[in-house]
Amino acid sequence: MNKNKHYIESNSKEFSNVLLYKRFLIVLKLVPKAFKFRLLLIGFLLIINSVIDLLGLGALIPLFTVLLEDNVVNTYSWARSIYDVFGMADERQLIIFVAVILLLVIILKNILSLMIARHNTTFAYSLYKHYAIKMHKYYYSEGFTFFKNQNSNLVVRDLKYATNQFSSALVLGFLNLFNEIVVLLLILGFMALYDLKILLLLTITVLPPFYFFYRWVRLKSIEIGKTKAEIDPTTFQYMYQSIFGYIDIVISGSQNSIRSKISNALKKLAKAE
């Protein structure tokens with residue numbers, strides 16, 4: 001446990017600066033053996049979800065075609081096949097049919113996406129529970145001296161928030177990033193097959209501003225993360241003092257003072273969030 005904790009701390013600052021495949025190796029190293037198969041399963045489910053998302057986008061094309069173009073029945077073979085198979089009288093019936101099929105595709109896509117998202121979240125929070133309990137056992141194995149010399153607010157932060165951030169922000173965040181990249185690559189691949197010139201034009205116009213925006217967001221996120229890590233324990237400390245030191249605070253008449261400290265800490269925390 002101590003080795004894993006040290007590995008998390010030593011890699012947390014550099015995680016934002018490494019390539020995607022190295023991030024995957026870091027996540028894979030930190031995830032326990034019992035969870036690795038589920039992690040690979042989720043990766044497979046995310047690929048399926050990416051394909052579903054792409055199919056959902058592709059399902060819009062037939063609807064736009066029948067809405068915006070004239071005489072689609074004689075222009076497109078798929079429209080002629082639907083028209084003949086279902087014995088339609090005019091193109092309005094074709095529009096209604098395609099719209100209903102699109103609606104069903106969207107409903108099915110969202111149901112499957114929701115099921116996959118639920119599975120991913122369940123995995124992340126089961127990982128959170130695993131690490132929280134394991135860290136709790138580790139702290140208890142250190143004995144009374146450890147708790148006497150350790151800041152209790154930092155211990156609570158590690159047990160509840162650090163493990164939660166690792167599971168939800170790092171692992172689940174990486175899985176969502178993986179999903180978005182797969183979707184992007186699939187879209188780019190189909191665009192390249194459809195019209196390479198459009199893809200090149202988009203790359204030239206969109207990529208440079210996106211790159212600079214990404215760098216700014218990444219650096220700002222690291223800065224805000226450091227600020228939040230400093231504010232969290234202080235906020236807990238003031239809250240614990242106000243609750244467990246109730247008698248002393250009332251006797252000394254320092255309610256407004258401790259409340260002001262809590263308010264300022266929460267104001268900084270809200271800004272960071």
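Mentor: Let us start with a term: a helix here is a DSSP run of H or I with at least four residues, and helices are numbered from the N terminus. Keep in mind throughout that this is a predicted model. In that sense of the word, Phe 64 has its place in helix H4.

Trainee: What makes Phe 64 count as buried, partly exposed or exposed?

Mentor: Buried means under 20% relative accessible area and exposed means over 50%, with partly exposed in between. Phe 64 has a relative accessible area of 46%, and is therefore partly exposed. Its C-alpha atom is separated by 39 Å from that of Ser 168, a residue 104 places away along the chain.

Trainee: Why is Thr 65 called buried?

Mentor: Thr 65 also lies in helix H4, which covers residues 60-68. Its relative accessibility is 11%, and because the limit for buried is under 20%, Thr 65 counts as buried. Setting aside its neighbours within four places in sequence, Thr 65 is in contact with Val 72, Tyr 76 and Trp 78.

Trainee: Trp 78 also takes part in the meeting of H6 with H7; how do you know that H6 is roughly perpendicular to H7?

Mentor: The axes of helix H6 (residues 77-85) and helix H7 (residues 91-141) come within 10 Å and cross at roughly 100°. Angles from 65 to 115 degrees count as roughly perpendicular, and therefore H6 is described as roughly perpendicular to H7. In this contact, Trp 78, Ala 79, Ile 82 and Tyr 83 of H6 meet Glu 91, Leu 94, Phe 97 and Val 98 of H7. The residues of the contact divide into seven nonpolar, no polar and one charged.

Trainee: Staying with helix H7, what makes Ile 107 partly exposed?

Mentor: Ile 107 is placed in helix H7. Its relative accessible area is 43%, which falls between the limits of 20% and 50%, so Ile 107 is partly exposed. The C-alpha atoms of Ile 107 and Phe 210 are separated by 32 Å, with the two residues 103 apart along the chain.

Trainee: Which residues line the second largest pocket?

Mentor: The lining consists of Leu 54, Leu 57, Gly 58, Ile 61, Ile 187, Phe 190 and Tyr 194, and about 260 Å³ of space lies in this pocket. Helix H3 (33-58) and helix H9 (152-194) each supply at least two residues of that lining. The lining residues divide into six nonpolar, one polar and no charged.

Technical notes
Residues numbered from 1 in each chain as written. Predicted model: local features only at pLDDT ≥ 70, side-chain atom pairs only at ≥ 80, totals over all residues. Heavy atoms only, no water. Buried < 20%, exposed > 50% of the residue type's maximum accessible area, 1.4 Å probe, protein only. Contact = heavy atoms within 4.5 Å. 1 Å grid on protein atoms, 1.4 Å probe; cavity = no way out; pocket = protein on both sides within 12 Å on 5 of 7 lines; lining within 4 Å. Points joined across faces, edges and corners; volume = space filled by probe spheres on them. Nonpolar A, V, L, I, M, F, W, Y, C, P; charged D, E, K, R; others polar. Axes fitted to C-alpha atoms, helices over the stretch in contact; angles between N-to-C directions. Parallel < 35°, antiparallel > 145°, perpendicular 65-115°, else oblique.
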